[in-house]
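Colleague: I have a new model open and would like to learn how to read it. Could you walk me through it, one feature at a time?

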Amino acid sequence: MDRQRRLILQLGASAQLAAMSSVLQATPFAEAATAPAGGPAAPDHDGRHDFDFYHGRWQVKNRRLAKRLVGSDDWIEFDATDECRPILGGLGSVDRYLTAWGGGIEGFALRLYQPATRLWQVYWASDRDGVLEAPLSGGFRDGIGVFHGLEAHEGRMLPSRATWSEITADSVRWEQALSADEGRSWETNWVMWMTRQA
């Protein structure tokens, strides 16, 4: 297990949630995250079908920074596949991500929608260490999905953001960014362009 994953486990769930709440307070979804159980977060919107567009098989073009938060412009490009299917009657979905890059990686994404808060929780794990990482939390507005959380980077837990955009029936863009200054600025470090296969 690498140093970053050990840090996540050492912090424990309560520390992660406390730190993540400060990040969420700065997001458009803060109201939803702090709404009382059963209270409305986004008027008249039940987001349980927000990820339905992604069900199926996808070809993925990846572009990832070789080094993060050092001002680098050195990008690594590689291909992958991803397959998404619904679970829990539409309250969730799971992905299987496969790439030959870096000696081969199998990844697993779990998304769960909570009707009481109208927020999605998005989790990630891979065969590199088998650790289910702390979730990103958020939702969709005006066709764009934004999800915030924390990610381990060189011994620190930093604000992390994932964005889904340019969504069509057969394509979508996803990108990940980190912030070294508590969300005042962001560096995009990974972009995926997905094209539907089935």
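**Reading strands, burial and charged pairs**

Modeller: Let's begin with strand 9 (residues 171-178): seven of its eight residues are buried, so this strand is largely enclosed by the rest of the structure. Keep in mind that this is a predicted model.

Colleague: Which strands are joined to strand 9, and how many bridges join each of them to it?

Modeller: Look for bridges on both sides. Strand 8 (residues 156-165) is joined to strand 9 by six bridges, and the two run antiparallel. Strand 9 is also joined to strand 10 (residues 187-196), by eight bridges, again in an antiparallel arrangement.

Colleague: How many helices and strands does the chain have, and what pattern do they follow?

Modeller: The chain has two helices and ten strands. Along the sequence the pattern reads α-α-β-β-β-β-β-β-β-β-β-β. Of the chain's 198 residues, 46% count as buried. Among contacts with a separation of 6 or more, residues 24 or more positions apart account for 45%.

Colleague: Now to charges. How many salt bridges does the structure hold?

Modeller: To read one, look for a side-chain nitrogen of Lys or Arg within 4 Å of a carboxyl oxygen of Asp or Glu. The structure holds eight of these. One of them pairs Asp 95 with Arg 111, with their closest N and O atoms 2.7 Å apart. This pair links distant parts of the chain, as Asp 95 sits in strand 3 (residues 92-99) and Arg 111 in strand 4 (residues 105-114), 16 residues apart.

Colleague: Are Asp 95 and Arg 111 buried or exposed?

Modeller: The test is the relative accessible area, where under 20% means buried. Asp 95 has 6%, so it is buried, and Arg 111 has 2%, so it is buried too.

Colleague: What does the pair of Glu 106 and Arg 96 look like?

Modeller: Glu 106 forms a salt bridge with Arg 96, with the closest N and O atoms 2.9 Å apart. Here too the pair links distant parts of the chain: Glu 106 is in strand 4 and Arg 96 in strand 3, ten residues apart. Glu 106, at 33% relative accessible area, is partly exposed, and so is Arg 96, at 46%.

Colleague: Could you show me one more salt bridge?

Modeller: Gladly. Asp 46 and Arg 48 meet through their side chains, at 2.8 Å from N to O. Asp 46 is partly exposed at 41% relative accessibility, and Arg 48 is partly exposed at 25%.

Colleague: Where is Arg 68 found, and which side chains does its own side chain contact?

Modeller: Arg 68 is found in the loop between strand 1 (56-65) and strand 2 (75-87). Its relative accessible area is 18%, so Arg 68 counts as buried. The Arg 68 side chain makes a polar contact of 2.8 Å with the side chain of Glu 151, and another of 3.4 Å with the side chain of His 153.

Definitions and conventions: Residues numbered from 1 in each chain as written. Predicted model: local features only at pLDDT ≥ 70, side-chain atom pairs only at ≥ 80, totals over all residues. Heavy atoms only, no water. Buried < 20%, exposed > 50% of the residue type's maximum accessible area, 1.4 Å probe, protein only. Helix = DSSP H or I, 4+ residues; strand = E, 2+ residues; numbered from the N terminus. Contact = heavy atoms within 4.5 Å. Polar contact = N/O pair within 3.5 Å; in protein donor to acceptor, adjacent residues only side chain to side chain. Pairing = 2+ DSSP bridges.
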